Amino acid sequence: QALVDLIRDVEHDIKADFLKDYYSLLRSCCILLVNSGHMQYLPVLFEIQKDHLQHGYFYYDQKIPAAMFQNIINVALRVREFDWAYACIQEHANRIIGDNLQQDYFRFNLSNYYFHTKQYDQALEFLPHAPADLESQFAARSLELKIYYELDSELLPYKIDAYKMYLSRASGKLLPAVSRERNGNFVNLLSQLCNTRRGDRERVERLVSRIQAKTWVSHREWLLEKAESLAK
C-alpha cells in the first residue's frame, strides 16, 4: 500500500510509458503473492486493478489484452464484486484484443460470472468449447470441472481423466512450468476431493492440509471451501 501511495504521489512527474511499467510491476507482485496463497492481498489487487482500468493503464488503442481482462474479472469475482464484474464484461464485449476470438473471451468471462453467482447451467451454456491459446484452454477446462462438481454430475470422473491426459500431452515448451504445476496440483486435489466421503473428518483434514501446503495450485480457495464443507 505504501508503494501504491508513493507512485500515486509522483505519477504526474513520470513519463506515461514508465508509469505503465511501474504499475504493471506492482500488479505482478500482488498477483504473485495471491497465487502463492496470501489471500489478504486479493482485495488490494482488486482496488489497484479497478483504479488502473478507470485510468486507462490497461488499454492499447482503446482495447485490452484478453489474459489481462480475464484476470481483472476473475479477481473481481473472487472478492464478490459481482455487479461490477458483470457490467465490466458487458462494457468490454467488443474491446478485447483477439480479433475473431473476442467472442470466446467474452463467453468465458460470462461463464465465470455465472459460475461465481451459482448459476451453473448458464455457466456451462456460455463456456467456450475450444479456445485458441493453451492457457485459455486450461482455464476453460478447469472451470468446466468446477461446474460439473457443483452440479454433482456423473460425467465428472471422465472429465478429470480427460483433463489429466490433456495436461500430460501439453508440451513443456508451450505451457510454462508454473502453469503445469498449478493445473496439475488442481486436478490431482480435485480427484482426491471427489474420493473423500462427507463426514470423514480425518480424511478431510489431510486433504485440507495438502491444499494449504501446495505453493502453486489453481483455484485454491474453491478447493479449500469444498473440502471443508465435507467435514460437516
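**Exercise 1.** Classify glutamate 144 as buried or exposed, then find its salt-bridge partner.

*Solution.* Glutamate 144 has a relative accessible area of 18%, so it is buried. The cut-offs are: buried under 20%, exposed over 50%, partly exposed in between (1.4 Å probe, protein chains only). This is a predicted model: local features need pLDDT of at least 70, side-chain atom pairs count only at pLDDT 80 or more, and totals for chains, interfaces and linings use all residues. Residues are numbered from 1 along each chain as its sequence is written, and side-chain values use heavy atoms, with hydrogens and water left out.

Next, the partner. The side chain of glutamate 144 meets that of lysine 159 in a salt bridge, 3.4 Å from N to O. A salt bridge needs a side-chain nitrogen of Lys or Arg within 4 Å of a carboxyl oxygen of Asp or Glu. Glutamate 144 sits in helix α8 and lysine 159 in helix α9 (residues 156-169), so the pair ties together parts 15 residues apart in sequence. Helices are DSSP runs (H or I, at least four residues), numbered from the N terminus. Lysine 159 is partly exposed, at 29%.

**Exercise 2.** Find the salt-bridge partner of aspartate 51 and state how far apart the two are in the chain.

*Solution.* The partner is arginine 8, at 3.6 Å from N to O. Aspartate 51 belongs to helix α3 and arginine 8 to helix α1. They are 43 residues apart, so this pair links distant parts of the chain. Now check accessibility. Aspartate 51 is buried, at 17%. Arginine 8 is partly exposed, at 34%.

**Exercise 3.** Describe the largest pocket by volume, lining and residue class.

*Solution.* Start with volume: about 1,300 Å³. A pocket is an open set of points on a 1 Å grid over the protein atoms alone, where a 1.4 Å probe fits, with protein on both sides within 12 Å along at least five of seven lines; lining residues have an atom within 4 Å of a point. Volume is the space filled by probe spheres set on the points, which are joined across faces, edges and corners.

Then the lining. It has 44 residues, and the closest to the centre are Gln70, Asn74, Arg78, Arg182 and His219. Elements giving two or more residues include α2 (16-35), α4 (66-78) and α10 (177-194).

Last, class. The lining holds 20 nonpolar, 12 polar and 12 charged residues. Here Ala, Val, Leu, Ile, Met, Phe, Trp, Tyr, Cys and Pro count as nonpolar, Asp, Glu, Lys and Arg as charged, and the others, Gly among them, as polar.
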